[in-house]
Amino acid sequence: MKSFTSTDRDRGLRRLRRLTFGAVTGATVAVFGMTYVAAASYAGKASTASTTALSTSGSTATTTSSSPSTDQSATTSATAAPTATTGSSGSGTVTSGGS
Amino acid sequence: MAVASKTWKALGTSVHVLTTDPHELAAAELAVREILEDVDAAYSRFRADSELSRLNAEAGRTVSVSPLLATAVTTALTAASVTHGAVDPTVGTAIRIAGYDDDFSRITEDRGPVSLRALKVPGWQVVHVDRASQSVFLPAGVELDLGSTGKALAADLAAHAAHTAMHRGGVLVSLGGDIAVAGPPPEGGWRVLIAEDSAVPPDGDGQVICIGNGGVATSSTTVRRWRRGGTILHHIIDPQTGLPASGPWRTVTVVANSCVDANIAATAAIVQGQSAVAWLQARRLPARLVENDGTIHYIGPWPDPSRVAA
């Protein structure tokens with residue numbers, strides 16, 4: 001059985017502080033600030049093309065129809081697997097999608 | 001420099017932890033696992049012994065709750081407030097009646113028709129959180145579902161905890177496609193493939209964007225769907241009707257200062273429908289909206305998909 005170390009204790013104390021009511025959320029939730037998004041995008045194997053303007057009030061928006069294009073594959077990183085895996089993941093791409 | 005990664009299953013979904021320094025991966029993983037264990041115990045809707053299950057079972061009484069559940073409920077109420085009720089945690093009864101009453105892996109089989117009636121949910125204003133006594137009051141008959149904010153909040157908490165536990169470098173935490181980052185990113189930023197389904201592999205089809213901080217979240221009616229009596233239902237409930245949302249967007253992705261902000265905005269956009277365009281623009285949130293026919297719209301400073309970097 002793993003012995004209890006000062007590192008474990010410090011981690012435990014930090015964890016308690018983290019889970020103190022409002023400590024984290026108060027600083028993060030619903031500020032709706034814009035974060036930095038890189039100007040460049042990297043297309044996957046079949047990416048997007050042809051943009052047209054979407055008529056909306058106030059600012060720019062575009063419409064795009066999906067269509068296959070040149071393979072500019074992003075580097076594979078963590079692979080979704082039913083069991084835990086560890087390994088180098090190159091430039092480290094993950095997927096944001098519904099779940 | 002190559003980043004390191006670890007993947008496993010928790011909270012009924014895939015967990016990915018990436019660190020810019022491979023030597024920090026173990027510390028980050030441990031911190032994330034601890035947070036997710038706490039989250040599961042605090043607000044899983046499918047664990048009879050979770051705090052949330054007990055809170056729902058004791059509606060009509062004031063119940064003392066842990067700091068974590070109090071935080072999660074407060075976050076859900078804040079989400080409802082800032083979205084004018086489009087994202088409302090009092091959809092618990094509605095989503096259960098619609099058939100999502102168990103871990104998702106166990107509800108996919110069609111169990112026959114369900115009787116659904118359009119009825120506005122009780123509304124987040126009926127829920128009271130007392131910060132001083134750290135207690136929550138739900139009126140009798142009200143059930144909370146923290147699904148619209150809980151996972152994203154967990155991603156933020158986990159990324160924060162992992163970064164705190166690390167000595168150097170940055171970390172990315174993805175919980176079923178809800179992504180939070182903390183600390184310095186890798187050169188060029190964290191690369192995120194935008195898809196409708198988080199199960200799409202990271203080298204799959206689609207646009208890859210880069211973020212340096214904050215979070216990314218995607219809400220979609222194309223996943224977490226089930227069938228009852230031949231009718232397809234999904235998990236994003238419109239609080240105005242208590243029924244699965246039926247607007248023009250099937251998938252919305254938002255980038256924001258935190259993962260929970262991103263997820264609030266993405267889910268709100270699905271529920272709001274067409275008016276979400278102006279709502280997102282007013283908040284200058286980069287967003288990608290997919291119409292039901294597959295047409296994609298980009299709002300705000302979203303990276304130009306026609307500019308492809310090598």
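Mentor: Contact means heavy atoms within 4.5 Å. This is a predicted model: local features need pLDDT of at least 70, side-chain atom pairs count only at pLDDT 80 or more, and totals for chains, interfaces and linings use all residues. Residues are numbered from 1 along each chain as its sequence is written, chains are lettered from A and ligands numbered from 1 in the order in which they are written, and side-chain values use heavy atoms, leaving out hydrogens and water.

Trainee: Which residue of chain A is in contact with K151(B)?

Mentor: Leave aside the neighbours of K151(B) within four places in sequence. Its contacts then include T13(B), L175(B), G176(B) and D178(B). The partner from chain A is S99(A).

Trainee: Is K151(B) buried or exposed?

Mentor: Buried means under 20% relative accessible area, exposed over 50%, partly exposed in between (1.4 Å probe, protein chains only). K151(B) has 19% relative accessibility, so it counts as buried.

Trainee: What is the N to O distance in the salt bridge between K151(B) and D178(B)?

Mentor: A salt bridge puts a side-chain nitrogen of Lys or Arg within 4 Å of a carboxyl oxygen of Asp or Glu. K151(B) lies in helix α5 and D178(B) in strand β7, so the bridge ties together parts 27 residues apart in sequence. Helices (H or I, at least four residues) and strands (E, at least two) are DSSP runs, numbered from the N terminus. The N to O distance is 3.1 Å.

Trainee: How many residues apart are D21(B) and R168(B)?

Mentor: These two form a salt bridge, with their closest N and O atoms 3.5 Å apart. D21(B) sits in the loop between β2 and α1, R168(B) in the loop between α5 and β6. Their separation is 147 residues.

Trainee: Which strand holds R250(B)?

Mentor: R250(B) meets E196(B) in a salt bridge (2.6 Å, N to O). E196(B) is in strand β8 of chain B. R250(B) is in strand β15.

Trainee: How many salt bridges are found over all chains?

Mentor: Some are linked: K6(B), E29(B) and R33(B) belong to a network of salt bridges. The search of the whole structure finds ten.

Trainee: How many residues are in the largest nonpolar core?

Mentor: A nonpolar core joins buried Ala, Val, Leu, Ile, Met, Phe, Trp, Tyr and Cys residues through side-chain atoms within 4.5 Å. V17(B), V32(B), Y43(B), V254(B) and L280(B) touch the most other members of the largest core. Its residue count is 74.
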